[in-house]
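User: Can you walk me through this one? I'd like to start with the packing.
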Amino acid sequence: MLAYFGYPRADEDDAERAVCAGLALVAAVAGLDVGPSARLRVRVGIATGLVIVGDLIGEGASQEHGVVGETPNLASRLQALAEPDTVVIDGSTRRLVGGLFEYLALGSVSITGFSDPVPVWRVIGANAVDSRFEALRVARTPLLGRDEEIELLMRRWQQIKRGDGSVVLISGEPGIGKSRLAETVLERLSDDPHIRLRRFCSPHHQDSALFPTISQLERAAGFRREDTDRQRLDKLEALLAESDADLGEAVPLIADLLSVPIGNGYPPLSLTPQKRKEKTLGVLLAQLEGLAARRPVLMVFEDVHWIDPTSLDLLDRIVDRVATLRVLLIITFRPEFAPAWIGRSHVTLISLSRLPHRQRAEMIMRVTGGKTLPQEIVKGIIDRTDGIPLFIEELIKAVIESGMLADAGDRFDARGPVPRLAIPTSLHASLLARLDRLAPVREMAQIGAALGRSFSHELISAVAAMPQQQVDGALARLVDAELVFQRGTPPEAEYTFKHALVQDAAYSTMLRGRRQQIHARVATTLESQFPEIVAAQPELMAHHCTEAGFNEKAVGYRLKAGQQAVARSAMTEAVAQLRRGLELLANMPEESRPVQHELDLQIALGRALMAARGYSAPAVADTLVSARALAERLDRPDRLAPLLYSQWGFHMVRAEHELAVSLAEQMEKLGETRKDQATLLLGHYIHGASCYFRGEFVTARGLLELRDGLRDPAARAICATIAVADPHAASLGHLALTLALLGHIDQGCARVDEALSEARSLDHPFTVAFVLSKVCAVEAAAGLSHDARRHAEELVALSNEHGFPLWLGVGLLQHGRSLTTLGQVQDGLALLARGLSVLRAAGAVVHTPRALCFLAEAHVKVGHLQEGQNCLAEAAQLIETTRERCGEVELHRLRADMMNARGDQAAAEQNYHRALAAAERQSAKTFGLRAATSLARLWLKQGRCTEARDLLALVHGSFTEGFDTPVLRDVKALLDQLA
């Protein structure tokens, strides 16, 4: 059987149609039922070339046109070469269909009647191409005026194959040919073995974290809507295995990103949102590295002017890493985007300029297929298109389709005088004119434009509410008009507007009422028939509901989108989504405003701002105050507890301890009033913690000992929804440190061991980090410097792994302090300086006076007396302004050490006495013991042995426990020396 594509009517996608027909024929024959003992098989050969069609020959059903040329002979020979149930094509066909299908190269074959070997491919099946530019319908007009740019890109490709990665930035205005240039590179490399990755940013997903990557992974994995969770997981595992990824870590992270349930097949990842984000970006980067190790990678990131913040973070990392990988990364964007990568050695910028007059005229001839246009029309197109290739192409088509020209074979003649307005003066007008001429199918274009730049056949069919035959016909006409490009075949087809400007033009033809109707239909259709899209893309639902006037629903979806972003630690996107929700609310009439959504948005925004802007950002305080006022106005005490706790945390981290105490007291009162035991216990805990920082250790102990009820599972579970760290383990750690400073060293050590054991049993890294910070402090108070060092190293590693900046700073400080105590002062000094810097970068003021004291002590030990004095002066000022007096005794003791090092023993003694007086006020016996020991050594040096012995004996005798700890053993040894 011989079939012709291109006669009697030629279509520009004839080669594609022929391949699709061949594949369909193979599938259809395989499905024929010819009895149990028989099986039909078919071979298909396809060749493309020029033929001469002659007169009809034969009679009846066998009648056909005579055809002269080598192409039918080649197709016949290819058919004979093909294995049963396969489709084989020649090189000309392969070039025309490009990346629309997947192929197996069979090499070059000697064929009778052909002097040279013929390259042959077997077609495996349709390819899930990534973009409109991979559908070859867009490639009809050859690229003009970009020879230098193409040559540069091909040089970069040869360079990366040698192992030197490269990034090429392509900048240009809409329609200038950025994507066409990238596509030309893909075409040039079609026969060069490589891996290609394409990611596309969207104007409607600028606040959707990692949208381009999620879309690309779903396409690469081959997800289908009817897939079960197990099938989707299997496909994802297969995809990740291609890059030799560690599936144990990669699958749970990427499955979570793609909303694919993993069941019990993988252990749960106990990660904070920030650490989950870091590990996810790390896995995505590792996937690229794994692919590049297999073969060269061509990666295209398009329309980056629409990129979301998390994708930009990922792209930053990719740009950094590409330098040493076999990767050519092409990034396209409009001029308003300002890339941060310009100037790096492996980054090249290409700025595309408009076509000059000569190339505009040449492009006109290419678009018309070599047929000349009337001169006045050519001049009008050249003058009004400003050298933008897309503009030229669209204007020519608009003029040809307008009916003002007659096809005269080798030229187009004007049917009459050409009115000036017949040539639209803007691309938008040109597109509108073309849509007007497609009036019967314009509604389909409008629905598609409302759905987005890309949409599926299934979705637009569900939304259109018209007979399927009418839908398919309308889509076919849009495709034929080249306004929309099609990938795949219905009902699996995907459609993409040729350019964002085409979508905008179609959308702009709708009046407001019509837009609302279509968006309403989209929203209700998605909710009723596409629950997976609703769950995965709440921001998309919010967009459609907003445009439909479903404002309350839109607010709810913005809240879900914000919460989803928070869970993924995409905090910038979360803030944007939540603020959009609040803006929607602000524009709604007060009587119809869903105030509960407003409260939930404010609470979620507070959390997101803390993470995005830092604990001490003023915007955090403003949001929490607004949320609290709203909760009180709505009489929602159930929302007040978490808000009070968040406000307490905000002010505590800023070391605004008086405000923090006030909030803790309000929480206690709320618990008492509501008879809410969990809230009351949590209030006692945070009140006790604030008292500790104020140096009110006795009061702190009393409050923290009231928190014992937090070990009750019910109370613990309630508090866990409010507090970040487990309240039982955290409050136990605070109590342990308070006891140790009050002189109950053994009790403190026992309680902190219990707290650490509780924290580890929870498998909750943040709680472990919190408790480790208290462990280090208790061990330092007891003189257990080696243990403190070990636990500080664990705290630093844990904080780095999970992204806890506050605890990282504290861990570095405790590590540096322990090294200083153990004699490794220079190393300790470097860690202390870094720890203080990390602490401040986290927006924290709390702990800063103690950090400065640690730093001052190290400076004194290496003889940096002025630097040490500066640290102590800053610490003293902070103590006075913040009332953070938990380190006041140490401040006076270190001042005395400083004076002693300077040789001013009188001033030193005076400051030691101040330290002892502060210790007595605070009942800080352990701090007092240090001050007494230092003063006794000074007196011993002065020959005042009796005074030294009496002072030490008095202080040492006040202790009732801890005598086996180094701090008390050292004092006992000094007493024995003085006896």
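Analyst: First, a term: a nonpolar core is a set of buried Ala, Val, Leu, Ile, Met, Phe, Trp, Tyr and Cys residues joined through side-chain atoms within 4.5 Å. Also, this is a predicted model.

User: How many residues has the largest nonpolar core, and which have the most contacts inside it?
Analyst: The largest nonpolar core has 197 residues. M444, W648, Y685 and W807 have the most contacts inside it.

User: Which helix gives the largest share of this core?
Analyst: Helix α33, residues 765-781, with ten residues.

User: What is W648 in contact with, leaving aside neighbours within four places in sequence?
Analyst: A660, L663, A664, I686, A689 and S690. Apart from the core already described lies another core, of 51 residues. V251, L271, V322 and V347 are among them.

User: Switching to strands. In what order do the three strands of the open sheet come?
Analyst: The order is β14-β16-β15, and the pairing is antiparallel. The twist averages 25° from one strand to the next.

User: Why is one side of β14 and of β15 left without a neighbour in the sheet?
Analyst: β14 (454-456) and β15 (484-487) stand at the edges.

User: How many bridges join β15 to β16?
Analyst: Four, and the two strands run antiparallel. R487 has E494 of β16 as its bridge partner.

User: And β8: is it largely enclosed or open?
Analyst: Five of the six residues of β8 (195-200) are buried, so the strand is largely enclosed by the rest of the structure. Six bridges join β8 to β9 (297-302), and these strands run parallel. F200 has E302 in β9 as its bridge partner.

Methods. Residues are numbered from 1 along each chain as its sequence is written. This is a predicted model: local features need pLDDT of at least 70, side-chain atom pairs count only at pLDDT 80 or more; totals for chains, interfaces and linings use all residues. Side-chain values use heavy atoms; hydrogens and water are left out. Buried means under 20% relative accessible area, exposed over 50%, partly exposed in between (1.4 Å probe, protein chains only). Contact means heavy atoms within 4.5 Å. Two strands pair if DSSP finds at least two bridges between them. Axes are lines fitted to C-alpha atoms, for helices over the stretch in contact, and angles run from 0 to 180 degrees between N-to-C directions.
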